[in-house]
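Subject: Structure for you to look at

Hello,

Here is the structure I said I would pass on. My notes on what was found follow below it.

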Amino acid sequence: MGPLIPNHLIPIEWNSIIAIIIGIAFGFVLEASGFSSSRKLAGVFYGYDFAVLKVFFTAAIVSVIGLYYMDYLGYLDITQLYVHPTYLWAAIIGGVIMGVGFVAGGFCPGTSLCAVAIGKLDAWVYVGGILLGIFMFSELFNVIEPIYDGYFLGNITLIDSFDWNPYWFIFIFSIIAIVAFAVADMVRKKVKKVFY
Amino acid sequence: MDIKNQTNSHVYWNPYFGGFILGIIIIFTFYVTGRGLGASGAMKSSVVTLVDTVAPTHAENNAYYSTFISEDDSPMNTWLVYEALGVLIGAFISGGLNGRIRWRIQHSPKITSQRRLVFALLGGILFGLGAQIARGCTSGAALSGMAVLSTGGFITMLAIFGSAYATAYFFRKNWI
Amino acid sequence: MIKKQTAKILAFRYKILALILVILAGGLVLLPKYQKNEGIKPEQLLANAISLERYIATDQIAHKLINQDPSFILVDVREEASFKKYSLPNAINIPLKKILDAESGAFLNQNQFDVVFFSNDNFEADQAWMLCNRLDYKNLRVLKGGINSWFKTIINPPKPTEDMPEEAHNLYTARKAASMFFGVAYPDQVQTDPLEKTQTAPKQIITVKKKKKAAEGGC
């Protein structure tokens, strides 16, 4: 029963090798979906290209449905998976800052790595910026720490915090996504084409 | 028209197909390792390593760096760093297969390369800062978080896209 | 023209794909829910229950204690009061009602030591054994007969009569030696040096907590 490495079904030594393999697949898919192009990424905010929305939500839904099916069939213990911890205000403030950075720079860290690999100079500068940003964060850590460590709600899921039925939530979530895809296509037809 | 087609041809995968494969990769990652994908963690490790080599005492005194430094192990020896190396390789393979590898600065024809680079740097700084505060970026917090229905993941995702849409108007000249 | 046709085909495909997605998501809602069977399967539990490994005899325990065998821990599942009154050397006390507590898990759910449950007789120890087996803890044993048997066999072994076979006499000598180790004085042995009771310090049990998840995730 999965997850395999935490349950010692695969020796821990394989972890790094598996990491590289997963990384290769991840990078390949991101690049092949066009995420190495900042103008394509930014398109989602101006309505001329919704690739980010489509890829992102399709991936989220496919993975969540798949994980819950695997949990249901007993291949995977969903309670053993790493759940991103919730620090309420850190998540909101960090997210807002990242959003501005996203529009300004046109990449997020994963996609910028892809763009770095295919020689986009703006991505090199962007990665430099990220490193600088992390450096600034660490230097200012004493100032930021109350936000960073405050409002900790635990490693919770939506099921814990709202007491929702996960299956119904996934169902509604996928319908929302499909509606979003349809709306995205309609918007794209309305918006002036931008070539990049 | 021909020229336009050449420069604008969408040689990328269908986004739904890409998303589907990405979803399978996330499932596989969780199934094998019990954790999600990530990207900015590798950059954090790089910064920590860099500071640790240049100014070791400073790194040890800083409350943030010191959590990632241990005596017997390099901060680079983490899962996310290997994964990020894989991302570079994978993107290089994909770009190579489709002939997309070349040195260039991609920007809207309305702005200069210089302006693009300045904004890229600015955006990078903001994203690096934000990713540390929120403990993850779009892949680590939002995408992997959403896959396990993490509350924090959803909040981060909404905050990123909300603020991006809210501020998109001010940056429109850069893109359209 | 061609473009329009491909667009039409694609639009149709997307509808099918969307439908599949909805059906899959709906399937999760509609699938019959069943209580997840935590722990091991009934067949496995039965196999463990009838296994000969389940019980350990008092003689074996005495032998191990004398040799200071580090590979096992004794767990007294009686109430704390009885534990304080008398217990086996180096035993730790986890009353039956606390057996599912988190701190008990550190002792019981590990792969380093054999865990030997005991109580006054078999009953409570067996219950503890059953519960822990159900949780898929490993290396569980029960002291056969519990403390009563311990008294009968080790502390106060029945003296064999002359007409009994030699094994019985050997067993008696071994048990007598053991009981002396545990501090029982025999009148016929007093002339030998008065057993200096080496009060061994309570065994330090260092348990390595099973790592649930080492992943420090996120970016």
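D185(A) is partly exposed, since its relative accessible area is 23%. Please keep in mind throughout that this is a predicted model.

The side chain of D185(A) forms a salt bridge with that of K54(A), at 2.9 Å from N to O. This pair connects distant parts of the chain: K54(A) sits in helix α3 of chain A and D185(A) in helix α9 of chain A, 131 residues apart. K54(A), at 8% relative accessible area, is buried.

Over all chains there are 11 salt bridges. Another of them is between D122(A) and R116(B), where the closest N and O atoms are 3.0 Å apart. Because D122(A) belongs to helix α6 of chain A and R116(B) to helix α6 of chain B, this pair joins two chains. D122(A) is buried at 0% relative accessibility, and R116(B) is buried with a relative accessible area of 2%.

Within chain C, R54(C) and D126(C) make a salt bridge with closest N and O atoms 2.8 Å apart. R54(C) is in the loop between α2 and β1 and D126(C) in helix α6 of chain C, so the pair ties together parts 72 residues apart in sequence. Both R54(C) and D126(C) are buried.

Chain C has two domains, domain 1 (1-31) and domain 2 (42-152). Their centres, taken over C-alpha atoms, are 59 Å apart.

On the surface there is a nonpolar patch of about 500 Å² accessible area, made up of L132(A), F135(A), M136(A), L140(A), V143(A) and L121(B). Helix α6 of chain A contributes the most to this patch, with three residues. L121(B) lies in helix α6 of chain B and is partly exposed, at 34% relative accessibility.

Regards

Methods:
Residues numbered from 1 in each chain as written. Chains lettered and ligands numbered in written order. Predicted model: local features only at pLDDT ≥ 70, side-chain atom pairs only at ≥ 80, totals over all residues. Heavy atoms only, no water. Patch = residues over 30% accessible without salt bridge, like charges linked within 9 Å, V, L, I, M, F, W, Y side chains within 5 Å. Areas by Shrake-Rupley, 256 points an atom, 1.4 Å probe, with all protein chains shown as cover. Salt bridge = Lys/Arg side-chain N within 4 Å of Asp/Glu carboxyl O. Helix = DSSP H or I, 4+ residues; strand = E, 2+ residues; numbered from the N terminus. Buried < 20%, exposed > 50% of the residue type's maximum accessible area, 1.4 Å probe, protein only. Domains from an automatic or database assignment.
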